[in-house]
Amino acid sequence: MSDPSHEALRQAQKIEALGRVASGVAHEINTPVQFVRDSVNFAQEAVRDLLDVLRAYESALDLLPPAEAARVRAIAEDADIPYIVENLPLALERGMDGLQRVAEIVRSLKDFAHPDQDERKPVDLNRSIASTLAIARNEYKLVADLVTNFHDLPPVVCFVGELNQAVLNIVVNAAHAIADRVAGTDQRGTIAVTTRIDDQHVVVIIKDTGGGIPESVRARMFEPFFTTKEAGRGTGQGLAIAKMAVCERNKGTLTFETEMGVGTTFVLRIPIDPTAAELAA
Ligand SMILES: Nc1ncnc2c1ncn2[C@@H]1O[C@H](COP(=O)(O)OP(=O)(O)OP(=O)(O)O)[C@@H](O)[C@H]1O
Ligand SMILES: [Mg+2]
């Protein structure tokens, strides 16, 4: 049997390595996406110009000898020019929208992964939480709506990669709790994420409308490997890692409130500048 804290550390290291890989991949994707975007952009402008030219040619058709005009009209009809004129610009626009979304996902991934952080840095926590929620979207989108209420925050001096990981783990749990609750119905739940300042701390509140946490489970939530989920869906490390990330690494606190049949709320409290707090202490 391996020692649970050793195992948690090993897991955290694995996640860090994964973050590095993700960040590298995001960076690699960025370059081709950029030139595909440039190409589509060029195509959009070129199509606009070509369509103008086409219209001019069309109006000049009558100047051709009737046999020639008929031949050109037959070709145009074959190609279904009105359909192309209507749909080509739309297709390019959709392509551009899609690329825009890929670019956003890549940016989120880069923000989220933040590799190689061995010291605390000031960050825009609202932005990094927004990126983390974008990464987590796939986990909750089928069962829950996301509501965010971000208040202005000063730069927070923290190990942001680990806070991102904590937020991700808590949001995935929220999504699972809601999925269990709404299973077999056509209902959806809500995950509400709020940030605000409280004196020298930033507070991040993640509230779900899942089924709540049974009394018997509450005391063991943060234990490494404690899970109520079937194998493959959970390994019981999410909250142990979140606790370590928030409390040990970022000198904050991680607490929760829960009510059966109503939902669960996790609260992260993080010092805005733990180095200043340490100096003052
Ligand atoms: N928002 C929540 N609502 C209801 N129960 C929860 C919630 N968050 C956590 N739990 C309970 O706490 C347990 C431990 O959570 P934790 O995130 O540590 O592990 P896991 O989700 O089971 O697995 P992993 O996160 O490693 O995939 C869960 O199995 C679940 O029973
Ligand atoms: Mg979990």
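Predicted model: local features only at pLDDT ≥ 70, side-chain atom pairs only at ≥ 80, totals over all residues.
Helix α3 covers residues 81–113. With 33 residues at 1.5 Å a residue, α3 should span 48 Å, and its end C-alpha atoms are 47 Å apart, so the two values agree. Along the way α3 bends by about 30° at N87, and the proline P89 follows within four residues. Several residues of α3 are buried, including I81, L92, M96, L99 and A103. Further along α3, the buried residues include V106, S108, D111, F112 and A113.

Helix α4 has 16 residues. From its first C-alpha to its last, α4 reaches 21 Å, close to the expected 22 Å. A bend of about 35° is found in α4 at A134. The buried residues of α4 are L125, N126, S128, I129, S131, T132, L133, A136 and Y140. Helix α2, residues 66–78, contains R71. With a relative accessible area of 46%, R71 is partly exposed, because values between 20% and 50% fall in that class.

The next topic is the nonpolar interior. In soluble globular proteins, nonpolar side chains tend to be buried together. The largest nonpolar core here has 42 residues. The members that touch the most others are L125, I170, V171, I191, V204, I206 and L268. Two or more residues each come from α4, β3, α5, β4, β5, α7 and β7. Helix α5 gives the largest share of this core, 12 residues. Which residues does I206 touch, leaving aside those up to four places away in sequence? The contacts of I206 include V167, I170 and V171, together with I191, A192 and V193. T264, T265, F266 and L268 are also touched by I206.

Aromatic rings complete the picture. A pair of aromatic rings is described by the distance of the centres and the angle of the planes. The structure holds two aromatic pairs. In one of them, F222 and F256 are tilted, with 5.9 Å from centre to centre and 55° between the planes. This pair links distant parts of the chain, 34 residues apart: F222 sits in the loop between α6 and α7, and F256 in strand β6. F256 is partly exposed, its relative accessible area being 21%. F256 also pairs with F266, again in a tilted arrangement, at 5.5 Å centre to centre and 35° between the planes. Here strand β6 is linked to strand β7, the two residues being 10 apart in the chain. Is F266 buried or exposed? At 5% relative accessibility F266 counts as buried, because buried means under 20%. F222, F256 and F266 form one aromatic cluster.

Charged side chains also meet aromatic rings. K243 lies over the face of F222, 4.3 Å from the ring centre. R249 is placed over the face of F159, at 3.9 Å from the ring centre.

Technical notes. Residues numbered from 1 in each chain as written. Chains lettered and ligands numbered in written order. Heavy atoms only, no water. Phe/Tyr/Trp six-rings, centres within 6.5 Å; stacked < 30°, edge-to-face > 60°. Buried < 20%, exposed > 50% of the residue type's maximum accessible area, 1.4 Å probe, protein only. Lys NZ or Arg CZ within 6 Å of the ring centre and 35° of its normal. Core = buried A, V, L, I, M, F, W, Y, C linked by side-chain atoms within 4.5 Å. Contact = heavy atoms within 4.5 Å. Expected span 1.5 Å × (residues − 1). Bend = angle between axes of the 7 residues up to and from the residue.
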